[in-house]
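Me: I am new to this structure and would like to go through it in short questions. Please show it to me.

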Amino acid sequence: MTDNLIDIRALKKYYPVTGGVFRRHVADVKALDGVDLTIRKGECLGLVGESGCGKTTLGKTLMRLHPSTEGRIYFDTAGAEVDAIEASLASSDPAEQAKAMARLREIDLLSVGGKRLLALRQKLQVVFQDPTNSLDPRMLVRDIVAEPLVAQRLVDPRHIPDTVIELLGKVGLTRDHLMRYPHEFSGGQRQRIAVARALSTNPRFILMDEPTSALDVSVQAQILNLLKKLQDEMELTYLFVTHHLLVVKYISNRIAVMYLGKMCEVGPTAEIFASPRHPYTRALLSAIPVPDPETKREKIILTGDVPNPINPPKGCRFHPRCSYAVERCRVEEPLLEEAGGKDRTVACHRWKEI
């Protein structure tokens, strides 16, 4: 899993704030402010952080459900080629620049459109948090799962019923469920229907936007096991957005920690749980409840509130709540750097002292 399927570079997403009698643009909510992240082929990358940190915005911007403000997202392209293209964009040779721009329009998810974007929609799918809202209550399960097949013209109309039954079988449902409406199912079954719909286009990447948060614990385990099974069988790549750290520990190969529109720490799941480097990551992990009442764990209580994303703090965005902050943290923004190995990065001036 060394090749990148998705390479996010300097991604920004600002939401305008208007004010006054004439509703002029007065400020921006900086939901994403220069995010760099890679998602490798065949892996499950867990994305965690507090509410409002930008996790869902990142996923929806990646899926082109929200327009980006700035940045690039490369799909299925070698890192060396991406670096060469970006270097050519800064070239003084107009011919080199034109060639780089043409190639960029082919591989940048934020630049493609028309038929090219329609073709990419087959490879990128999403499973939303609440299946009650993401499934049309007026449609039968048969039509919900078949809708992407019809829209993309992927299967001969004569073979659609058999294809739908096969997709339902992959998620643990049968032909007996075809002629029912979403409200006739439990929450776990509805999420299985949503997963079947996402699989209908034979995608390579699926955004999982908190797919188990609305389910009971026992049902969560069933859905997580199903997702792992499907990932192995179909060679899928996941971006798994969640608040539940134990869920992400179970299903993810790597973890990315977000805070106020920025990446704090990225690395292998086992390493981050064993030795978190960023103070914010340490605080998140300390909040995990321990099932043994006799085991004592020191909880890190963060002081203050999450800063306003309209006017984030200068320097490190976490410094107002960080017990390790020094003057440098208040004036200089930390960049993601290697932390104990090239496979792990952290954005903190003082991570070596923690």
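Me: What volume does the largest pocket have?
Reply: The model is a predicted one. In this model the largest pocket comes to a volume of about 370 Å³.

Me: Which residues are the closest to the centre of the largest pocket?
Reply: The largest pocket is lined by 17 residues. Those closest to its centre are Thr38, Arg40, Arg254, Lys342 and Thr345.

Me: How many residues of the lining of the largest pocket are charged?
Reply: The lining includes four nonpolar residues and four polar ones. The charged residues in the lining number nine.

Me: Which strands each supply at least two residues of that lining?
Reply: Strands from separate stretches of the numbering contribute, among them residues 4-19 and 24-40. The strands that each give at least two lining residues are E1, E2 and E10 (337-338).

Me: Which residues of H1 are buried?
Reply: Helix H1 covers residues 55-62, and six of its eight residues are buried, that is, under 20% relative accessible area. Just after H1, arginine 64 takes a positive phi of about 65°. The buried residues of H1 are Lys55, Thr57, Leu58, Gly59, Thr61 and Leu62.

Conventions. Residues are numbered from 1 along each chain as its sequence is written. This is a predicted model: local features need pLDDT of at least 70, side-chain atom pairs count only at pLDDT 80 or more; totals for chains, interfaces and linings use all residues. Side-chain values use heavy atoms; hydrogens and water are left out. On a 1 Å grid over the protein atoms alone, a cavity is a set of points where a 1.4 Å probe fits but cannot get out, and a pocket is an open set with protein on both sides within 12 Å along at least five of seven lines; lining residues have an atom within 4 Å of a point. Grid points are joined across faces, edges and corners, and a volume is the space filled by probe spheres set on the points. Helices (H or I, at least four residues) and strands (E, at least two) are DSSP runs, numbered from the N terminus. Ala, Val, Leu, Ile, Met, Phe, Trp, Tyr, Cys and Pro count as nonpolar, Asp, Glu, Lys and Arg as charged, and the others, Gly among them, as polar. Buried means under 20% relative accessible area, exposed over 50%, partly exposed in between (1.4 Å probe, protein chains only).
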